[in-house]
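Subject: Structure handover

Hi,

Here is the structure I promised to pass on to you. Please have a look at it first, and then read on for my notes.

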Amino acid sequence: MITDNIISAIKKYDTIIIHRHVRPDPDAYGSQAGLKEIINASFPNKQVFAVGEEEPSLNFLAKMDNVQDKMYQHALVIVCDTANAARIADQRYDRGAELIKIDHHPNVDQYGDTVWVDTAVSSTCELIYDLYLDAKDHGFRLNAKAAMLLYAGIVGDTGRFLFPSTSKKTFQHAAELVTYNFDRSRLYEGIYNIQDNIARLRGYILQHFKLAESGMSSVRLTRQELKEFHVSPADSGQLIGVLGDIEGIKAWVFFIEEDDQIRVRLRSKGPVVNDIAAKYNGGGHPMAAGASVNTWEEADMVVDDLEKICVTYSK
Ligand SMILES: [Mn+2]
(Lines give C-alpha, C1' and ligand atoms only; values in the text may rest on other atoms or scores of the structure.)
Protein backbone atom coordinates (compact mmCIF):
# COMPACT_ATOMS: atom_id res chain seq x y z
CA MET A 1 0.00 0.00 0.00
CA ILE A 2 1.13 3.50 -0.72
CA THR A 3 0.73 4.51 2.91
CA ASP A 4 3.40 1.91 3.78
CA ASN A 5 5.88 3.82 1.60
CA ILE A 6 4.94 7.08 3.31
CA ILE A 7 5.19 5.55 6.78
CA SER A 8 8.67 4.13 6.09
CA ALA A 9 9.84 7.41 4.57
CA ILE A 10 8.70 9.30 7.68
CA LYS A 11 10.48 6.77 9.89
CA LYS A 12 13.65 6.96 7.80
CA TYR A 13 14.31 10.70 7.83
CA ASP A 14 15.42 12.78 10.81
CA THR A 15 14.38 16.05 9.19
CA ILE A 16 10.93 16.43 7.66
CA ILE A 17 9.69 19.63 6.04
CA ILE A 18 5.99 19.94 5.26
CA HIS A 19 4.58 22.32 2.63
CA ARG A 20 1.04 23.18 1.40
CA HIS A 21 -0.56 25.55 -1.09
CA VAL A 22 -0.43 29.34 -1.28
CA ARG A 23 -3.50 31.24 -0.03
CA PRO A 24 -4.03 28.49 2.55
CA ASP A 25 -7.42 27.38 3.85
CA PRO A 26 -8.15 25.30 6.98
CA ASP A 27 -7.52 22.02 5.08
CA ALA A 28 -4.12 23.21 3.86
CA TYR A 29 -3.10 24.41 7.33
CA GLY A 30 -4.79 21.49 9.10
CA SER A 31 -3.20 18.74 7.00
CA GLN A 32 0.23 20.36 7.08
CA ALA A 33 0.30 21.22 10.79
CA GLY A 34 -1.71 18.14 11.77
CA LEU A 35 0.83 15.84 10.13
CA LYS A 36 3.61 17.80 11.82
CA GLU A 37 1.94 17.31 15.22
CA ILE A 38 1.47 13.57 14.59
CA ILE A 39 5.14 13.12 13.67
CA ASN A 40 6.29 15.24 16.62
CA ALA A 41 4.10 13.31 19.05
CA SER A 42 5.30 9.98 17.62
CA PHE A 43 9.01 10.67 17.12
CA PRO A 44 10.20 13.44 19.49
CA ASN A 45 13.77 13.19 18.18
CA LYS A 46 12.89 14.13 14.63
CA GLN A 47 12.96 17.75 13.47
CA VAL A 48 9.68 18.59 11.76
CA PHE A 49 8.90 21.93 10.14
CA ALA A 50 5.84 23.53 8.55
CA VAL A 51 6.67 26.18 5.95
CA GLY A 52 4.90 28.69 3.72
CA GLU A 53 3.66 32.25 4.10
CA GLU A 54 1.49 32.84 7.16
CA GLU A 55 -2.20 33.57 6.78
CA PRO A 56 -3.14 35.80 9.75
CA SER A 57 -6.75 34.57 9.87
CA LEU A 58 -5.45 31.00 10.37
CA ASN A 59 -2.75 31.77 12.93
CA PHE A 60 -5.04 30.44 15.65
CA LEU A 61 -4.52 26.99 14.11
CA ALA A 62 -0.74 26.94 13.74
CA LYS A 63 2.38 29.02 13.24
CA MET A 64 4.83 28.47 10.43
CA ASP A 65 8.54 27.70 10.94
CA ASN A 66 11.61 29.41 9.52
CA VAL A 67 13.76 26.87 7.74
CA GLN A 68 17.25 27.54 6.43
CA ASP A 69 18.14 26.32 2.93
CA LYS A 70 20.70 23.85 4.24
CA MET A 71 18.04 22.00 6.24
CA TYR A 72 16.62 20.67 2.98
CA GLN A 73 19.77 18.76 2.09
CA HIS A 74 18.93 15.51 3.88
CA ALA A 75 15.25 16.15 4.45
CA LEU A 76 12.06 14.40 3.51
CA VAL A 77 9.67 16.94 2.00
CA ILE A 78 5.92 16.32 2.12
CA VAL A 79 3.49 18.58 0.25
CA CYS A 80 -0.12 18.53 1.42
CA ASP A 81 -3.32 19.60 -0.37
CA THR A 82 -1.61 21.10 -3.44
CA ALA A 83 -2.56 19.96 -6.95
CA ASN A 84 0.20 21.62 -8.94
CA ALA A 85 3.79 22.45 -8.15
CA ALA A 86 3.37 26.13 -9.07
CA ARG A 87 0.91 26.59 -6.18
CA ILE A 88 3.19 25.14 -3.50
CA ALA A 89 3.93 27.75 -0.85
CA ASP A 90 7.71 28.09 -0.50
CA GLN A 91 9.20 26.89 -3.77
CA ARG A 92 12.13 25.14 -2.08
CA TYR A 93 9.95 22.01 -1.94
CA ASP A 94 12.16 20.26 -4.55
CA ARG A 95 15.41 20.70 -2.63
CA GLY A 96 14.93 17.75 -0.28
CA ALA A 97 16.30 14.22 -0.56
CA GLU A 98 12.83 12.80 -1.21
CA LEU A 99 9.44 14.30 -2.09
CA ILE A 100 5.94 13.05 -1.24
CA LYS A 101 2.66 14.53 -2.50
CA ILE A 102 -0.52 13.96 -0.45
CA ASP A 103 -3.66 15.47 -1.97
CA HIS A 104 -7.33 15.13 -2.89
CA HIS A 105 -7.46 17.44 -5.93
CA PRO A 106 -7.39 16.02 -9.47
CA ASN A 107 -3.83 14.80 -10.08
CA VAL A 108 -2.93 17.15 -12.94
CA ASP A 109 0.68 17.61 -11.90
CA GLN A 110 2.28 14.41 -10.60
CA TYR A 111 5.23 15.98 -8.82
CA GLY A 112 7.01 13.88 -6.18
CA ASP A 113 8.75 10.53 -5.78
CA THR A 114 5.63 9.21 -4.09
CA VAL A 115 2.24 10.54 -5.12
CA TRP A 116 -0.78 9.73 -2.94
CA VAL A 117 -3.85 11.34 -4.45
CA ASP A 118 -7.41 10.30 -3.70
CA THR A 119 -10.03 12.58 -5.26
CA ALA A 120 -12.85 10.66 -3.58
CA VAL A 121 -12.05 11.95 -0.10
CA SER A 122 -13.44 15.15 1.38
CA SER A 123 -10.15 16.70 2.35
CA THR A 124 -6.44 16.17 2.72
CA CYS A 125 -7.04 16.07 6.48
CA GLU A 126 -9.20 12.99 5.93
CA LEU A 127 -6.23 11.40 4.11
CA ILE A 128 -3.86 12.31 6.95
CA TYR A 129 -6.22 10.57 9.36
CA ASP A 130 -6.28 7.54 7.01
CA LEU A 131 -2.49 7.61 7.13
CA TYR A 132 -2.55 7.76 10.92
CA LEU A 133 -4.90 4.74 11.10
CA ASP A 134 -2.48 2.73 8.94
CA ALA A 135 0.49 4.04 10.93
CA LYS A 136 -0.65 3.62 14.51
CA ASP A 137 0.61 0.04 14.62
CA HIS A 138 4.01 1.42 13.59
CA GLY A 139 4.38 3.70 16.59
CA PHE A 140 2.49 6.76 15.34
CA ARG A 141 0.55 8.79 17.89
CA LEU A 142 -2.20 11.36 17.54
CA ASN A 143 -2.58 14.08 20.16
CA ALA A 144 -5.37 16.59 20.85
CA LYS A 145 -3.66 19.36 18.88
CA ALA A 146 -3.38 17.12 15.82
CA ALA A 147 -7.00 16.03 16.22
CA MET A 148 -8.10 19.67 16.36
CA LEU A 149 -6.12 20.50 13.20
CA LEU A 150 -7.43 17.53 11.19
CA TYR A 151 -10.98 18.22 12.33
CA ALA A 152 -10.61 21.86 11.26
CA GLY A 153 -9.60 20.83 7.76
CA ILE A 154 -12.42 18.32 7.41
CA VAL A 155 -14.97 20.88 8.62
CA GLY A 156 -13.52 23.54 6.29
CA ASP A 157 -13.37 21.47 3.12
CA THR A 158 -16.80 19.85 3.60
CA GLY A 159 -18.53 23.17 4.35
CA ARG A 160 -19.41 21.82 7.79
CA PHE A 161 -20.29 18.35 6.44
CA LEU A 162 -22.65 19.70 3.77
CA PHE A 163 -20.78 19.07 0.52
CA PRO A 164 -21.36 15.78 -1.37
CA SER A 165 -17.72 14.81 -0.75
CA THR A 166 -18.77 14.14 2.86
CA SER A 167 -18.89 10.35 3.16
CA LYS A 168 -19.61 7.81 5.87
CA LYS A 169 -15.85 7.63 6.41
CA THR A 170 -15.67 11.41 6.80
CA PHE A 171 -18.21 11.24 9.61
CA GLN A 172 -16.44 8.26 11.18
CA HIS A 173 -13.14 10.13 11.21
CA ALA A 174 -14.83 13.23 12.61
CA ALA A 175 -16.53 11.16 15.30
CA GLU A 176 -13.17 9.74 16.38
CA LEU A 177 -11.44 13.13 16.23
CA VAL A 178 -13.97 14.82 18.53
CA THR A 179 -13.15 12.30 21.27
CA TYR A 180 -9.84 14.16 21.73
CA ASN A 181 -9.75 17.04 24.14
CA PHE A 182 -10.06 20.28 22.15
CA ASP A 183 -12.48 23.18 22.24
CA ARG A 184 -14.80 22.77 19.28
CA SER A 185 -16.72 26.01 19.91
CA ARG A 186 -13.50 28.01 19.87
CA LEU A 187 -12.46 26.26 16.69
CA TYR A 188 -15.75 27.14 14.92
CA GLU A 189 -15.43 30.75 16.05
CA GLY A 190 -11.92 30.86 14.66
CA ILE A 191 -13.01 29.52 11.29
CA TYR A 192 -16.42 31.18 10.88
CA ASN A 193 -16.65 34.41 12.83
CA ILE A 194 -16.57 37.28 10.37
CA GLN A 195 -15.85 40.95 10.85
CA ASP A 196 -18.63 43.51 10.46
CA ASN A 197 -17.20 44.86 7.19
CA ILE A 198 -17.36 41.38 5.65
CA ALA A 199 -20.95 41.02 6.88
CA ARG A 200 -21.88 44.32 5.20
CA LEU A 201 -20.24 43.24 1.94
CA ARG A 202 -22.20 40.00 2.16
CA GLY A 203 -25.42 42.03 2.33
CA TYR A 204 -24.30 44.07 -0.67
CA ILE A 205 -23.56 40.93 -2.72
CA LEU A 206 -26.94 39.44 -1.85
CA GLN A 207 -28.63 42.63 -3.07
CA HIS A 208 -26.67 42.89 -6.33
CA PHE A 209 -25.94 39.40 -7.68
CA LYS A 210 -27.26 38.65 -11.16
CA LEU A 211 -29.25 35.47 -11.79
CA ALA A 212 -29.79 34.31 -15.37
CA GLU A 213 -32.68 32.11 -16.44
CA SER A 214 -30.17 29.30 -17.03
CA GLY A 215 -29.32 29.20 -13.33
CA MET A 216 -26.00 30.97 -13.87
CA SER A 217 -25.11 33.72 -11.46
CA SER A 218 -22.26 36.20 -11.37
CA VAL A 219 -20.87 38.77 -8.96
CA ARG A 220 -18.29 41.43 -9.76
CA LEU A 221 -16.37 43.06 -6.95
CA THR A 222 -14.33 45.99 -8.24
CA ARG A 223 -11.39 47.47 -6.43
CA GLN A 224 -13.56 50.54 -5.75
CA GLU A 225 -16.31 48.47 -4.11
CA LEU A 226 -13.81 46.51 -2.01
CA LYS A 227 -12.30 49.80 -0.90
CA GLU A 228 -15.69 51.20 0.12
CA PHE A 229 -16.32 48.15 2.28
CA HIS A 230 -12.75 48.09 3.62
CA VAL A 231 -12.38 44.48 2.52
CA SER A 232 -9.20 43.11 0.96
CA PRO A 233 -9.48 40.92 -2.16
CA ALA A 234 -8.17 37.97 -0.13
CA ASP A 235 -10.78 38.43 2.61
CA SER A 236 -13.61 38.73 0.07
CA GLY A 237 -12.84 35.09 -0.78
CA GLN A 238 -14.75 34.13 2.37
CA LEU A 239 -17.97 35.22 0.68
CA ILE A 240 -17.94 32.95 -2.37
CA GLY A 241 -20.29 30.44 -0.75
CA VAL A 242 -22.93 33.04 0.01
CA LEU A 243 -24.99 32.23 -3.14
CA GLY A 244 -24.90 28.48 -2.55
CA ASP A 245 -28.34 28.07 -1.02
CA ILE A 246 -30.30 30.36 -3.33
CA GLU A 247 -32.95 28.38 -5.18
CA GLY A 248 -32.45 28.05 -8.92
CA ILE A 249 -28.70 28.71 -8.96
CA LYS A 250 -26.79 25.95 -10.76
CA ALA A 251 -23.36 27.56 -10.93
CA TRP A 252 -21.89 30.90 -10.09
CA VAL A 253 -18.77 32.97 -10.51
CA PHE A 254 -17.16 35.72 -8.45
CA PHE A 255 -14.81 38.20 -10.08
CA ILE A 256 -12.59 39.91 -7.58
CA GLU A 257 -10.47 42.76 -8.89
CA GLU A 258 -6.93 42.78 -7.52
CA ASP A 259 -4.10 45.19 -8.28
CA ASP A 260 -2.71 43.26 -11.23
CA GLN A 261 -5.46 40.83 -12.25
CA ILE A 262 -9.07 39.80 -11.76
CA ARG A 263 -9.42 36.67 -9.69
CA VAL A 264 -12.11 34.24 -10.89
CA ARG A 265 -13.80 31.93 -8.41
CA LEU A 266 -16.23 29.34 -9.75
CA ARG A 267 -18.69 27.28 -7.76
CA SER A 268 -21.29 24.78 -8.90
CA LYS A 269 -24.14 22.57 -7.78
CA GLY A 270 -23.96 20.36 -10.88
CA PRO A 271 -22.29 21.67 -14.06
CA VAL A 272 -18.56 20.89 -14.12
CA VAL A 273 -16.65 24.16 -13.79
CA ASN A 274 -12.96 23.21 -13.56
CA ASP A 275 -12.74 22.89 -17.36
CA ILE A 276 -13.64 26.57 -17.59
CA ALA A 277 -11.07 27.37 -14.90
CA ALA A 278 -8.40 25.48 -16.85
CA LYS A 279 -9.20 27.56 -19.95
CA TYR A 280 -8.35 30.72 -17.97
CA ASN A 281 -5.04 29.68 -16.35
CA GLY A 282 -6.64 27.98 -13.39
CA GLY A 283 -7.92 24.69 -12.11
CA GLY A 284 -9.50 22.97 -9.15
CA HIS A 285 -12.32 20.62 -8.34
CA PRO A 286 -15.29 19.89 -10.64
CA MET A 287 -17.61 21.86 -8.32
CA ALA A 288 -15.16 24.49 -7.02
CA ALA A 289 -12.40 26.02 -9.09
CA GLY A 290 -10.41 29.19 -9.55
CA ALA A 291 -8.70 31.10 -12.34
CA SER A 292 -7.57 34.59 -13.22
CA VAL A 293 -8.21 37.02 -16.07
CA ASN A 294 -6.72 40.39 -16.93
CA THR A 295 -9.70 42.38 -18.21
CA TRP A 296 -13.43 42.72 -17.65
CA GLU A 297 -13.89 41.70 -21.34
CA GLU A 298 -12.24 38.38 -20.47
CA ALA A 299 -14.53 38.16 -17.44
CA ASP A 300 -17.49 38.46 -19.84
CA MET A 301 -16.07 35.48 -21.75
CA VAL A 302 -15.99 33.43 -18.53
CA VAL A 303 -19.62 34.38 -17.90
CA ASP A 304 -20.53 33.27 -21.46
CA ASP A 305 -18.77 29.92 -20.94
CA LEU A 306 -20.48 29.39 -17.60
CA GLU A 307 -23.85 30.35 -19.09
CA LYS A 308 -23.36 27.73 -21.84
CA ILE A 309 -22.70 24.85 -19.45
CA CYS A 310 -25.66 25.89 -17.28
CA VAL A 311 -27.95 25.88 -20.33
CA THR A 312 -26.83 22.42 -21.45
CA TYR A 313 -26.84 20.98 -17.94
CA SER A 314 -30.17 19.38 -17.18
CA LYS A 315 -31.18 17.96 -13.85
MN1 LIG B 1 -8.29 20.55 0.58
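Predicted model: local features only at pLDDT ≥ 70, side-chain atom pairs only at ≥ 80, totals over all residues.

Residues are numbered from 1 along each chain as its sequence is written, and side-chain values use heavy atoms, with hydrogens and water left out.

**The two domains**

The domain assignment gives domain 1 (2–192) and domain 2 (198–312); such bounds come from an automatic or database assignment. Their C-alpha centres are 28 Å apart. Four residues of domain 1 are in contact with six of domain 2 (contact means heavy atoms within 4.5 Å). Between them the domains bury about 420 Å², 47% of it on carbon and sulfur atoms; buried area is the accessible area (1.4 Å probe) that two parts lose on being put together, summed over both. Arg23, His105 and Pro106 supply 82% of the area that domain 1 buries against domain 2, more than any other three residues.

One salt bridge is counted between the domains, where a salt bridge is a side-chain nitrogen of Lys or Arg within 4 Å of a carboxyl oxygen of Asp or Glu. Glu258 pairs with Arg23 in a salt bridge, with the closest N and O atoms 3.4 Å apart.

Arg23 sits in the loop between β1 (15–19) and α2 (26–42). Helices (H or I, at least four residues) and strands (E, at least two) are DSSP runs, numbered from the N terminus. Arg23 has a positive phi of about 50° although it is not a glycine. Its relative accessible area is 36%, so Arg23 is partly exposed (buried means under 20%, exposed over 50%, partly exposed in between, with a 1.4 Å probe and protein chains only). Glu258 also forms a salt bridge with Arg263, at 3.2 Å between the closest N and O atoms, and both Glu258 and Arg263 are buried.

**Other salt bridges**

The structure holds 16 salt bridges. In one of them, Arg20 pairs with Glu53, the closest N and O atoms being 3.4 Å apart. Arg20 lies in the loop between β1 and α2 and Glu53 in the loop between β2 (47–50) and β3 (76–80), so this pair ties together parts that are 33 residues apart in sequence. Arg20 is buried at 0% relative accessibility, whereas Glu53 is partly exposed at 37%.

**Two buried aspartates**

Asp130 is in helix α3 (residues 124–135) and, at 15% relative accessibility, is buried. Its side chain makes a polar contact with the side chain of Lys169 (2.8 Å). A polar contact is a pair of N or O atoms within 3.5 Å; within protein, one must be able to donate a hydrogen and the other to accept it, and residues adjacent in sequence count only if both atoms are side-chain atoms.

Asp157 is in helix α4 (residues 144–157) and is buried too, at 17%. Leaving aside neighbours within four places in sequence, Asp157 is in contact with residues including Asp25, Asp27, Asp81 and His104.

Best wishes
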